[in-house]
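Subject: Structure handover

Hello,

Here is the structure you asked about, with the sequence. My notes on what was found follow below it.

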Amino acid sequence: MAQNPIVRDILKRYQQVWSLGHSMAVLGWDTETHMPESGAKARGIASGQLAMLVQKATVDLEGLVRKAEKARDLDDMEKGVVRVLRRSLDYYLKVPPELVNQLQRETTEATVVWRTARERSDFKLFRPHLEKIVELERKVADKLGYAKHPYNALLDLYEEGFTVKDADKVYAVLIPESKRLLKRVAADGVYPSKHPLESVTYDTGAMQKVNEEILGLLKMPMTRFRMDVSTHPFTTQIAPDDVRITTRYEGKDFKASLYSTVHESGHAIYGLGLGPKLAYTPVGDGASYGVHESQSRFWENVVGRSRDFVKLVRPILKQNLPFVEKYDAEELYLYFNTVRKSLIRVDADELTYNFHTAVRYEVEKKIIGGEVKVAEVPEVWNDTFESYLGIRPGGDAEGALQDVHWSGGSFGYFATYTLGNIVAAMIWHKMGKGALVQEALSGGDVDELKEWLGSKIHRFGAIYPPKELQERVFGEAYNAERLLTYLSEKFA
Ligand code: MG
């Protein structure tokens, strides 16, 4: 508990905000996993009302927060509480309740429409919803205020302090070098661009067993954690001891399902590793979306796509998926690491992944900046995609409709995936260029990695802003060069 009496008071009253957020998290999880389609309207109404209650309960704390900001004796956690609440207050004091309500209502309904639109590969179905959401997002940016570009107001919601200028700089380093690296990998011919296992179909029940055993391998604490199925896998922190993930089953190319499970488990390990002191407080969450993504990408790629991990999962695979039998560990490693320019972000390999986020970043910047109308999105999306990857989506499902984010109103999110890749590579670097990963996995035990991440990153939650946390752990904040080093050491 906090020492400072004002912060202590804040935390006591914050229980209301936390509890409302908790309820919304359960509803959000249910919307994606079990709710029948026709439940969307009611869910939208209820979520909108709850969002306004969160706003009111947060705004009610303003006086106390202002007092706490003047206190001089706050420790790091108390400062974190005040900083995170100030960020919330900035939002809730500037964005009017009716806009908060509308945004929540629209995005809850749109998520369900998006699912159908994607299934039918029909952007027209989704278009009126996206038009509404973009209009609301632009209003939010205007209300929040911004320097230089309205997109800056939205980027900051996902990554504290992150701007268009920062993102442009990151991509200016990453994109040209990644292109060169990709050419080299193609010329070397070691990593294949295709693998026969990609077209092999699997039994969903058997793959479910594989995923359950993967959770065992990752030592997920099953009394504090669960896994379900959704169109677009995600992780949600319902409570300190209730973290949930989803995975997906498409019936072929089993690595997609496998790596969805490992990726989301990475997010969950972060949520489950937050310091117990942080429970039910404003800092009981990840430091930022970028830092959160660094955890999922670390487990998915640095751990999950390594030769040592393949050795651990091969027996599980052989036991449940008989067709794996004839592939040795090296063959499986190559299957897990095929490299090619492809259409779907969530299936992209490590070398081409950042092209996918760059496309979305560019398109969003234009949408929010008012340069591109929603009706033009599929065309602009495909043009931008082609300019980065040299291939063109054939339909909306593999183009502008492939991601869930816009339906949920998440504009400003995608660049944080690339920040996550960068920070994951910084962890690899800090772990002796992956030596610790090798050591832990060859002993068949992931606890060493969890302890490392837990003690350096997880236990601090959102106490420090993301850049400060990175400075503390790595002596530097998101350095794109680290990712290029990691990629060239692995692939070239
Ligand atoms: Mg993720």
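A cut-off first, as it is needed below: an angle over 145 degrees between two directions counts as roughly antiparallel, and one under 35 degrees as roughly parallel. Please keep in mind that this is a predicted model.

Two helices

Helix H1 (residues 5-33) packs against helix H3 (residues 62-70) at an angle of about 150°, and their axes lie 9 Å apart. H1 and H3 are therefore roughly antiparallel to each other. The crossing in which H1 passes H3 is left-handed. On the H1 side, the contact is made by Ile6, Val7, Asp9, Ile10 and Arg13; H3 supplies Leu64, Val65, Lys67 and Ala68. Sorted by class, this contact of H1 with H3 has six nonpolar and three charged residues, and no polar ones.

S1 pairs with strand S3 (residues 242-247) in the parallel sense, over five bridges. Within that pairing, valine 229 has threonine 247 of S3 as its bridge partner. S2 and S3, on the other hand, pair in the antiparallel sense over four bridges. They form a hairpin, with two residues between the strands. Alanine 239 has its bridge partner in S3 as well, namely aspartate 242.

Helices on the sheet

The metal site

Which residues coordinate the magnesium ion? They are His263 and His267, each through NE2, and Glu293 through OE, at 2.2 to 2.4 Å. Both histidine 263 and histidine 267 lie in helix H10, where they are four residues apart, about one turn of the helix. Along the sequence, the spacing of the donor residues reads H-x3-H-x25-E.

Regards

Methods:
Residues are numbered from 1 along each chain as its sequence is written. This is a predicted model: local features need pLDDT of at least 70, side-chain atom pairs count only at pLDDT 80 or more; totals for chains, interfaces and linings use all residues. Side-chain values use heavy atoms; hydrogens and water are left out. Axes are lines fitted to C-alpha atoms, for helices over the stretch in contact, and angles run from 0 to 180 degrees between N-to-C directions. Angles under 35 degrees count as roughly parallel, over 145 as roughly antiparallel, 65 to 115 as roughly perpendicular and the rest as oblique. A crossing is left-handed if the near helix is turned anticlockwise from the far one by less than a right angle, and right-handed if clockwise. Contact means heavy atoms within 4.5 Å. Ala, Val, Leu, Ile, Met, Phe, Trp, Tyr, Cys and Pro count as nonpolar, Asp, Glu, Lys and Arg as charged, and the others, Gly among them, as polar. Two strands pair if DSSP finds at least two bridges between them. Donors are N, O and S atoms within 2.8 Å of the metal (3.2 Å for Na, K and Ca); water is not among the atoms, so sites may look incomplete.
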